[in-house]
Amino acid sequence: AREEIASHTLVAALSAVAADEAVKAVVLRVDSGGGSALASEQIWHAAKALGERKPLVVSMGSAAASGGYYISAPAARIFAGADTLTGSIGVVGGKLVFGDALAKLGVNTFEVHRGERALMWSSMKPWTDAERTTVESMMRATYDTFVARVAEGRKLDRAAVEAIAQGRVWTGADAKARGLVDAIGTLDDAVADAETKG
């Protein structure tokens with residue numbers, strides 16, 4: 001969990017410190033431009049559970065955007081650098097399609113599937129209109145959950161979050177002015193804050 005933000009290691013680490021009675025408060029250092037929505041949701045759950053048992057303070061590095069912001073949202077207090085890139089409350093999705101390129105190279109592919117959308121994520125052909133509608137619906141649901149997580153964590157109403165979301169990226173200073181972070185400060189500042197809470 002010290003080397004990378006990955007759900008299987010970070011969730012275990014957060015759960016362990018949540019259960020450790022010797023730990024009075026936790027500082028989570030986040031330096032990530034984002035990643036998997038599923039991993040972000042899993043880490044969010046672990047961070048929220050930890051925050052319900054003891055103070056959780058987030059210290060943002062050079063970037064804590066998209067999934068990096070998602071996992072920061074449950075913190076009692078968030079510190080960022082003035083130039084930290086953060087926010088990016090949004091969802092992107094798509095797929096690369098290689099079918100025609102492979103055919104030009106003489107590589108033939110054959111579909112073996114069962115079910116109407118079994119090949120929806122296949123890289124051999126573009127989405128049908130129905131598949132595109134399904135993907136857009138999935139992305140909307142993920143975005144709505146992200147906005148709800150931020151609204152809950154930052155104690156803002158959904159409309160206020162929506163106004164600063166939609167994928168916009170903010171500097172730490174701009175994020176503080178919009179309520180996405182609490183203070184401009186360093187890791188040392190976050191540790192000092194956690195000490196007063198623990």
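Visitor: How far does the backbone oxygen of G61 lie from a polar atom of the side chain of T84?
Guide: First, a heads-up: this is a predicted model, where local features need pLDDT of at least 70, side-chain atom pairs count only at pLDDT 80 or more, and totals for chains, interfaces and linings use all residues. Residues are numbered from 1 along each chain as its sequence is written, and side-chain values use heavy atoms, leaving out hydrogens and water. Now look for a polar contact (N or O atoms within 3.5 Å, one able to donate a hydrogen and the other to accept it; residues adjacent in sequence count only through side-chain atoms on both sides). From the backbone oxygen of G61 to that side-chain atom of T84, the distance is 2.8 Å.

Visitor: What kind of aromatic pair do Y70 and F146 make?
Guide: A search of the whole structure finds two aromatic pairs. Ring centres of Phe, Tyr or Trp (its six-membered ring) must lie within 6.5 Å, with planes under 30 degrees apart called stacked, over 60 edge-to-face, and the rest tilted. The centres of Y70 and F146 are 4.6 Å apart and their planes meet at 35°, so this pair is tilted.

Visitor: How far apart in sequence are the parts that Y70 and F146 tie together?
Guide: Both residues are buried. Y70 sits in helix 3 (residues 67–70) and F146 in helix 5 (residues 129–154), so the parts tied together are separated along the sequence by 76 residues.

Visitor: What about W121 and W127, which kind of pair are they?
Guide: W121 is partly exposed at 47% relative accessible area, while W127 is buried at 16%. Their ring centres are 5.7 Å apart with the planes at 85°, so this pair is edge-to-face.

Visitor: Which residue has its charged end over the ring of W44?
Guide: A charge sits over a ring if NZ of Lys or CZ of Arg is within 6 Å of the ring centre and within 35 degrees of the ring normal. Over W44, the charged end lies 3.9 Å from the ring centre and belongs to R149.

Visitor: How many salt bridges does the structure hold?
Guide: Side chains of opposite charge can pair when their charged atoms come close. A salt bridge here is a side-chain nitrogen of Lys or Arg within 4 Å of a carboxyl oxygen of Asp or Glu. The count for the structure is eleven.

Visitor: Which residue does R53 meet in a salt bridge?
Guide: R53 is in helix 2 (residues 37–53), and its partner is 32 residues away, in the loop between helix 1 (7–19) and strand 1 (26–32). The N to O distance is 3.8 Å, and the partner is E21.

Visitor: How many residues apart are K48 and E52?
Guide: These two form a salt bridge with their closest N and O atoms 2.6 Å apart. K48 is partly exposed at 24% relative accessibility, whereas E52 is exposed at 58%. Both are in helix 2, separated by about one helical turn because their spacing is four residues.

Visitor: What is the phi of S88, roughly?
Guide: Find S88 in the loop between strand 4 (85–87) and helix 4 (99–104), where it is buried at 17% relative accessible area. S88 is not a glycine, yet its phi is positive, at about 55°.

Definitions and conventions:
Helices (H or I, at least four residues) and strands (E, at least two) are DSSP runs, numbered from the N terminus. Buried means under 20% relative accessible area, exposed over 50%, partly exposed in between (1.4 Å probe, protein chains only).
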